[in-house]
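Thanks for coming. Please have the sequence and the structure open while I talk.

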Amino acid sequence: MSGRRILVTGAASGIGQALADHMRGRGDEVISVDREEGADILGCDLSNPAAIAAFADGLSRPLDGVAHVAGLPGTHPPETILQVNFCAMRQLTGALGPKLATPATLVAVSSITAHRCTLPEARLADLIDAPDDAILSQAAGMDGTEAYAFSKRLVNIWVEALAARTSDTGLRANAVAPGPVETPILGDFRKSMGREKIAKAAELAGRHGTPSEIATAAAFLLSPEASWVNGVILDCDGGFNAARRVAARSQTETNPHRETA
């Protein structure tokens, strides 16, 4: 149960910090990573592929788990969102590949907002293996909110594909998809997605989530207890998505000719 070596990105605040604290409480050694170096935090600018490669090269001992928590909300430039939220995750995983223990586990933080990306699944499946430039070029014509949903949909497709490809190597890959969470960037989501939508999520679920609730779910997916969980996108939204789907079905039954989004 303890003594594993886990790398957590975005560990200076919010879900990443809560996850790092949780894993240390279990007795694991945690390598905390964030954009700026600080006390017990290693610096790595995930918007810079060269910095990612240098960081991974500097790690010497094997890793038992990697948690890709770092991410940018829709208030940032679309290209930067795609780089940090998806490309950096893929780049760092590839660079760390030779340094992963057997078995090892990977968890990515996605978002329930991924469902807002309506690109065909086949197109998304092609893109997860496309060069970084091809991914970043998709930002053209997108606003920040669209880029955020697109990046998280890519995360989901990539995690599922990685799980399928590595199931015989001892690597498990899963994702946790939160709804709105009371983190320092919740205000950014209110700005990019609209206060009414964020408030509606709290209304349907009863409240917003807390960083520790998301961290606990991610910690389970990282843990040996989840040894038979692979390729799963775990919604962690207090039932918001379920309530939304039930409401949509109810409206469709009432008005069968109503078009649904």
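Where does Pro 103 lie? Pro 103 is in strand 5, which covers residues 100-109. Before I go on, note that this is a predicted model. From Thr 102 to Pro 103 the peptide bond is cis, and its omega is near 0 degrees.

Next, a backbone angle. Asp 40 is not a glycine, yet its phi is positive, at about 60 degrees. You will find Asp 40 in the loop between strand 2 (29-34) and strand 3 (42-43). Is Asp 40 buried or exposed? Its relative accessible area is 70%, and over 50% counts as exposed, so Asp 40 is exposed.

Now to a pair of helices. The crossing of helix 3 past helix 6 is right-handed.

Which residues meet there? On the helix 3 side they are Pro 78, Ile 81, Leu 82, Asn 85, Phe 86, Met 89, Arg 90 and Thr 93. Helix 6 brings Gly 144, Ala 147, Tyr 148, Phe 150, Ser 151, Lys 152, Leu 154, Val 155 and Trp 158. Sorted by type, the residues of this contact between helix 3 and helix 6 come to 11 nonpolar, 4 polar and 2 charged.

That is all from me.

How values were computed. Residues are numbered from 1 along each chain as its sequence is written. This is a predicted model: local features need pLDDT of at least 70, side-chain atom pairs count only at pLDDT 80 or more; totals for chains, interfaces and linings use all residues. Side-chain values use heavy atoms; hydrogens and water are left out. A crossing is left-handed if the near helix is turned anticlockwise from the far one by less than a right angle, and right-handed if clockwise. Helices (H or I, at least four residues) and strands (E, at least two) are DSSP runs, numbered from the N terminus. Contact means heavy atoms within 4.5 Å. Ala, Val, Leu, Ile, Met, Phe, Trp, Tyr, Cys and Pro count as nonpolar, Asp, Glu, Lys and Arg as charged, and the others, Gly among them, as polar. Buried means under 20% relative accessible area, exposed over 50%, partly exposed in between (1.4 Å probe, protein chains only).
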